[in-house]
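Hello,

Here is the structure I promised to pass on. Please have a look, then read my notes below.

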Amino acid sequence: MIKIKLSPKVVSQIEAICLNYKNEPGELINILHDCQELQGYLPEEVQRVIAKKLNIPVSKVYGVVTFYSFFTMTPKGRYPISVCMGTACYVRGSEKLLDEFKRILDIDVGQTTKDGKFSLDCLRCVGACGLAPVVMIGKKVYGKVQAINIKKILEELE
Amino acid sequence: MKNYISLKIDRHVLSVPNNITILDAAKRIGINIPTLCHLNLKDTCIKNNPASCRVCVVEIEGRKNLAPSCSTLCTDGMIVHTSTPRVINARRIVLELILSDHPTDCLICPKSGDCELQDLATRFNIREKPFDGGELSLRKKEITTSIVRNMDKCIFCRRCETVCNEVQTVGALGSVGRGFNTTIAPAFDNKLSESECTYCGQCVAVCPVGALTERDHTNRLIEDLVDPDKTVIVQTAPAVRAALGEEFGLAPGTLVTPKMVASLRELGFDKVFDTDFAADLTIMEEGSEILDRLHRFLAGDKNVRLPILTSCCPAWVNFFEHQFPEMKDIPSTARSPQQMFGSIAKTYWAEKMGIPREKLVVVSIMPCLAKKYECDREEFKTNGNPDVDYSLSTRELARLIKQANIDFNKLNNAEFDNPLGESTGAGVIFGTTGGVMEAALRSIYEIETGLELKDVNFNSVRGMDGVRKASIDLNGFELKVGIAHGLGNARKLLEDIKYGRNEYHVIEIMACPGGCIGGGGQPLHHGDINVIKARSKALYMEDANKARRISCENPYIIKLYEEYLDKPMSKKAHTLLHTHYFNKSIN
């Protein structure tokens, strides 16, 4: 877990988001979505600000953040990598791709490299099954990826 | 819609109100459907009903799947079967699945013998673990000053989460993660000791298994008792005597004061004293403080804030230090009876007896787990030596008595030692909600009006409602008092004060439902509110049987002031019997 001190600007942005939803505890998930968009993740301090604004225990906010896999407490890399594990990609060997990413980057799924450049995640189907197996890096889609190509793809992003 | 409906449960046809569950309906005709996650302490707000364990399923004619009886309402003409082979098989599978990743070290589990999962496994004759889910060793174990968490044993009934969040509104425990990785933990998987936890122990009181238990000091006590260099004395809280008997097969509400004293003497304590004595002392200090603040407030002193809040309950003190630090100057500065006792024992009494402080061990028997934390507070130590060395719960005392081969029910009656064992009825009722207020009112009335109190029973402050209010006529002045038990109810009163909606002069708060009698260190009530009510009744009975029922009439208290403290709120009394509070806000 990464401990950071939020700048007053970010705090006021979070407070504005909460206010946008009338500080309504029932809107917690929507608020978390918007707040995650701010910095790409939801560090402890962000959750504490939200809990305070909504007047709910921070344990409740943390419970929701850890329950839904979309929410993350780890900052994403500058190049977020998502390997598709949908059925078509899976049968065409996406698990091998995932292993190769893990090996080269020396991180696990859900983690970010120390230099903050890459983060690794899985997703379920981007609707391009004809290109299986598919990997998304940022907003770019790579189709028919083979494990031997991965090193080169990453190097091109250097 | 009809108010009453009729249905058939097994071979019984019965008529019930239309808004009750099958579980409750069955209970009325003596059919005890097994439950595990379900908990409903009626008349308090403790209710956990996630219908998640599925142990209570029943078969309903015309319905395909089995229905959880804890959350399915009765309907007219319904035909329910509670123990068909299909139902029993389903329950067994549910239990086998729960056991698939539950440790089977029952022999050395602190909950063994009092575990609801163990009881069900016995009841349903589970003799093997057909499913091997593997043990999840990633979950945290933590030992705090009061509570021990062993999350390997958690079965996710969510009782602790409900109690912590919805009843106590503390919000320390919540569910984290999902699927097999779920655990119940403070936010960010922090330690409980670094969370908003008040150590009220209500999570321990409702945990059906060994996931949440108390920090056990029995071995420490055994070692101290055999140490020839140490003088070991004990104080017992009022609520203990109304519940200890339950551990020895006696009915809830059986008063066992004389046998409790005898058992403590058998265990080898050098002196057996009573926290009730210190409760009387608390009334002297707190009562004087109430009157002092009230007089100054009425005289127009702008520096005085009202209402004044009681400060006997350590979980409540933790609660406002964490959640309402801006109001930390409102509660009375009087220490709790436990701490007043320790302070007097290690000064007045120790000096009298010529025992050096470091050779005197003061132990308390409490219905409470927060008391363990309170002993450990730095402000209650002198050169690192605590006023009260450590505190044992009612359950731990029962364990010690059993271990020491004492046949509790055959003990001869015994009486407390003096001077710190003498108490009035006012000290006794400290253990039940409304009791501290009533005790204070008895003394305040006499001190303020100079009149003799004709009827010491203030029935208007008694009862089990979560928030109660009453007006007391103090010879023409209308004293308005409020009472709350359960921290969620306390929060309501605090928010009223915070936003200027206060109408009270004095407020009593106890963290646990029913007050100390429902404390986190008491024998487990297993969801039966009548147990707590019976204990309350027992305390009022002990009060009624006392020769003296007003704290300021306790002869040893009068003597203590004459010989040592001078008068209530004196400089010495302030040093020894009062305290201050801290801002412990995390956010």
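First, the ground rules. This is a predicted model: local features need pLDDT of at least 70, side-chain atom pairs count only at pLDDT 80 or more, and totals for chains, interfaces and linings use all residues. Residues are numbered from 1 along each chain as its sequence is written, while chains are lettered from A and ligands numbered from 1 in the order in which they are written.

Chain B, helix pair. The axes of α8 (residues 275-298) and α10 (residues 337-353) of chain B come within 8 Å and cross at roughly 100 degrees. Axes are lines fitted to C-alpha atoms, for helices over the stretch in contact, with angles from 0 to 180 degrees between N-to-C directions. Helices (H or I, at least four residues) and strands (E, at least two) are DSSP runs, numbered from the N terminus. On the α8(B) side, the residues that meet α10(B) include Phe277(B) and Leu281(B). Met340(B) and Phe341(B) are among those from α10(B). The contact divides into seven nonpolar, three polar and no charged residues. Here Ala, Val, Leu, Ile, Met, Phe, Trp, Tyr, Cys and Pro count as nonpolar, Asp, Glu, Lys and Arg as charged, and the others, Gly among them, as polar.

Chain B, α7. The buried residues of α7(B) (residues 257-267) include Lys259(B), Met260(B) and Leu264(B). Buried means 20 or more other C-beta atoms within 10 Å of a residue's own, placed from the backbone. Their cover includes β13 (231-236), β14 (271-274), α12 (394-403) and α16 (529-544) of chain B. Gly268(B) follows α7(B), with a positive phi near 110 degrees.

Chain A. The axes of α3(A) and α4(A) come within 8 Å and cross at roughly 125 degrees. That makes α3(A) oblique to α4(A). Gln47(A), Arg48(A), Ile50(A) and Ala51(A) in α3(A) meet Val58(A), Val61(A), Tyr62(A) and Val65(A) in α4(A). By class, this contact has six nonpolar, one polar and one charged residues.

Interface. Twelve residues of chain A are in contact (C-beta atoms, placed from the backbone, within 7 Å) with 13 residues of chain B. α4(A) gives the most to the chain A side, with seven residues. That side has five nonpolar, three polar and four charged residues.

Best wishes

Methods:
Two residues are in contact if their C-beta atoms, placed from the backbone, lie within 7 Å. Angles under 35 degrees count as roughly parallel, over 145 as roughly antiparallel, 65 to 115 as roughly perpendicular and the rest as oblique. A residue is buried if 20 or more other C-beta atoms lie within 10 Å of its own, exposed if 12 or fewer, and partly exposed in between; C-beta atoms are placed from the backbone.
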